[in-house]
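Please keep the sequence and the model at hand while reading.

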Amino acid sequence: MIKVLLAEDQGMMRGALALLLDLEEDMRVVAQVAAGDQIVAAALEARPDIALLDIELPGRSGLDAAADLRTELPSCKVLIVTTFGRPGYLRRAMEAGASGFLVKDGPVEDLAAAIRRVLAGERVIDPGLAAAALSAGPNPLTQRERDVLTAAVDGATVADIAGRLHLSQATVRNYLSAAIGKTGTRNRMEAVRAARRNGWL
């Protein structure tokens, strides 16, 4: 029996997925969570064979949780199942140790087949997204530039960002300027939008 953990913040979607997967003769959903910061604890308790993780979750992203699972419970495979098929997300998912990446608009039979394939040792990636990721190239932003852009998401001032990240205001300005240049945008909010659109944040 394949034990599955589901991490999905939309209750109706999570419930529907659980019902559909439980109809598979060889699968059982052993844990369901609605927030990213609940994933590791639930996995350590339920010991699933595979975790199906959305990316944009409250508390912590599914990508960050995937990296934590690789350390805390290496026997648990990770399959990212998301609405947001962005090339940067695919790259980050693979770097975090995910074994697969699917976009939610496919049929549930494909999801069940993907789970079996991942547990058989295969990598399963949405073909259209794989092609887009190859043509998009790597994330040009450094980790610090991503941190600064993430802190700027809510329109924070340079002083606010500097305080949050324990950096000088001059350093924050330098990182913002570099991020704006690399994203080919005119200001920090455009840079944030461009980075999000590409899945770099």
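**Strands, helices and domains**

Q: In this predicted model, how many bridges join strand β3 to strand β4?

A: Strand β3 covers residues 50-53 and strand β4 covers residues 77-82. The two strands run parallel. The number of bridges that join them is four.

Q: Which residue in β4 stands opposite I50?

A: Strand β3, residues 50-53, is joined to β4 by bridges. I50 has its counterpart in β4, and that residue is K77.

Q: Which strands stand at the edges of the sheet, and why is one side of each left without a neighbour?

A: The sheet is open, and its six strands follow the order β2-β1-β3-β4-β5-β6 with parallel pairing. Each edge strand has a single partner strand, so one side of it is left without a neighbour in the sheet. The strands at the edges are β2 (27-33) and β6 (124-125).

Q: At about what angle does helix α1 run to β2?

A: Helix α1 comprises residues 11-22 and lies across β1 (2-7), β2 and β3. Its direction relative to β2 is about 165 degrees.

Q: What angle does the direction of helix α5 make with that of β4?

A: Helix α5, residues 108-119, packs on the sheet. The strands that α5 touches are β1, β2, β3, β4, β5 (100-103) and β6. With the direction of β4, the helix makes an angle of about 155 degrees.

Q: Is the crossing of α2 and α3 left-handed or right-handed?

A: Helix α2 (residues 39-46) and helix α3 (residues 62-72) pack at about 35 degrees, their axes being 9 Å apart. I39, V40, A43 and L44 of α2 make the contact with A65, D68, L69 and E72 of α3. These residues divide into six nonpolar, no polar and two charged. The crossing in which α2 passes α3 is right-handed.

Q: How are α8 and α9 oriented to each other?

A: Helix α8 (residues 158-165) meets helix α9 (residues 169-183) with axes 9 Å apart. In the contact, V158, A159, I161 and A162 of α8 face Q169, V172, R173 and L176 of α9. The angle between the helices is about 105 degrees. The two are therefore roughly perpendicular.

Q: How many charged residues are in the contact of α7 with α9?

A: Helix α7 (residues 143-151) packs against α9 at about 100 degrees, and the two are therefore roughly perpendicular. R144, E145, V148 and L149 in α7 meet V172, Y175, L176, A178, A179 and K182 in α9. Seven residues of this contact are nonpolar and none is polar, while the charged ones number three.

Q: What distance separates the centres of domain 1 and domain 2?

A: The domain assignment places domain 1 at 2-134 and domain 2 at 143-198. Taken over C-alpha atoms, their centres are separated by 30 Å.

Definitions and conventions. Residues numbered from 1 in each chain as written. Predicted model: local features only at pLDDT ≥ 70, side-chain atom pairs only at ≥ 80, totals over all residues. Heavy atoms only, no water. Domains from an automatic or database assignment. Axes fitted to C-alpha atoms, helices over the stretch in contact; angles between N-to-C directions. Parallel < 35°, antiparallel > 145°, perpendicular 65-115°, else oblique. Contact = heavy atoms within 4.5 Å. Left-handed = near helix turned anticlockwise from the far one by under 90°. Nonpolar A, V, L, I, M, F, W, Y, C, P; charged D, E, K, R; others polar. Pairing = 2+ DSSP bridges.
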